Amino acid sequence: MYRTLLALAVTAILATGCTSTADLLDTPSIKGTRFKDNDPQDFGRNHPGTHPVHGIDLSKWNGTDIDWQEVKKSGVAFVFIKGTEGKDRIDSAFASHWRAAAAAGIPHSAYHFYYFCSTPEDQADWFIENVPKEANMLPPVLDMEWNHASPTCKLKPDTATVRDVMQRFMDRIEAHYGVRPIIYTSVDFHRDRLVGAFGNHHFWVRSVAAHPGQIYANRKWTFWQYTATGIVPGIKGPTDINVFAGSQKAWRQWLASAGR
């Protein structure tokens, strides 16, 4: 998820996003955002504060010196944790973040950063080997984006290939965890390879300078990553912050069914 660049640069990413929320999600209007931001953006009337349920995503770039009780007290309702990348890399902070989120009682799951130079089966097996099956989990996440900075893999497969490997990875993950994975993506990757695809999956989209509805083509979304420079009590340094598409009631209902 370009966590390295986000953490080191502490700047806003290119504007990205997705469209409207799922039809069944009731979204009440509230003023302001729950968290402060080092680089706040003007999202206009449809700003992230119109969504009451906020969460974060973490990787090694956030460190492990985190006050998880403070994080929970601040209103963080969920956390996505970087787990694996490719067929042989695990985030060095994963185990610490995973245990701590569980101990704090915050719904959590892991995400896998897809690497185009190994097979989806090898990558799914690596994820399964390293990410526990346990209660208090959200569905696992497949992170699909172009990695222009990769020193080892410059492949940019065509649309048919991308969709094929994604399906194979997700089938293997779903068979093991018993739940359909969430797809995380960025605006350029979505535009290039995912428009109109995987309509039966929940999408988590990045859009840090405009509301998703202005950017993603005909895509319903469940989670919106709206900043990489957020300020979250209990965490030192900039943090990715996300919102859930619906109301508190919709969140409770979604959470209750997420593991099935």
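Colleague: What do the buried residues of α4 pack against?

Modeller: This is a predicted model. In it, the buried residues of α4 pack against β3 (76–85), β4 (89–90), β5 (108–113) and α5 (159–177).

Colleague: Which residues of α4 are buried?

Modeller: P120, Q123, A124, W126 and F127, in a helix that runs over residues 120–130. Looking down the axis of α4, those buried residues fall within an arc of 160°, so they line one face of the helix.

Colleague: Switching to rings. How many aromatic pairs does the structure hold?

Modeller: There are 24. One is F43 with Y226: the ring centres are 6.4 Å apart and the planes are at 85°, so the pair is edge-to-face.

Colleague: Where do F43 and Y226 lie?

Modeller: F43 is in the loop between β1 (36–37) and β2 (54–58), and Y226 is in strand β9 (residues 223–231), so the pair ties together parts 183 residues apart in sequence.

Colleague: F43 first: buried or exposed?

Modeller: Buried, at 10% relative accessibility. Y226 is buried too, at 5%.

Colleague: Which residues form one aromatic cluster?

Modeller: F78, F80, Y111, Y184, W204, F223, F244, W251 and W254.

Colleague: Now charges. What sits over the ring of W146?

Modeller: The charged end of K156, 5.0 Å from the ring centre. Also, R219 lies over the face of F203, at 3.8 Å from the ring centre.

Technical notes. Residues are numbered from 1 along each chain as its sequence is written. This is a predicted model: local features need pLDDT of at least 70, side-chain atom pairs count only at pLDDT 80 or more; totals for chains, interfaces and linings use all residues. Side-chain values use heavy atoms; hydrogens and water are left out. Buried means under 20% relative accessible area, exposed over 50%, partly exposed in between (1.4 Å probe, protein chains only). Helices (H or I, at least four residues) and strands (E, at least two) are DSSP runs, numbered from the N terminus. The arc is that of the directions from the helix axis to the C-beta atoms. Contact means heavy atoms within 4.5 Å. Rings of Phe, Tyr and Trp (its six-membered ring) pair if their centres lie within 6.5 Å; planes under 30 degrees apart count as stacked, over 60 as edge-to-face and the rest as tilted. A charge sits over a ring if NZ of Lys or CZ of Arg is within 6 Å of the ring centre and within 35 degrees of the ring normal.
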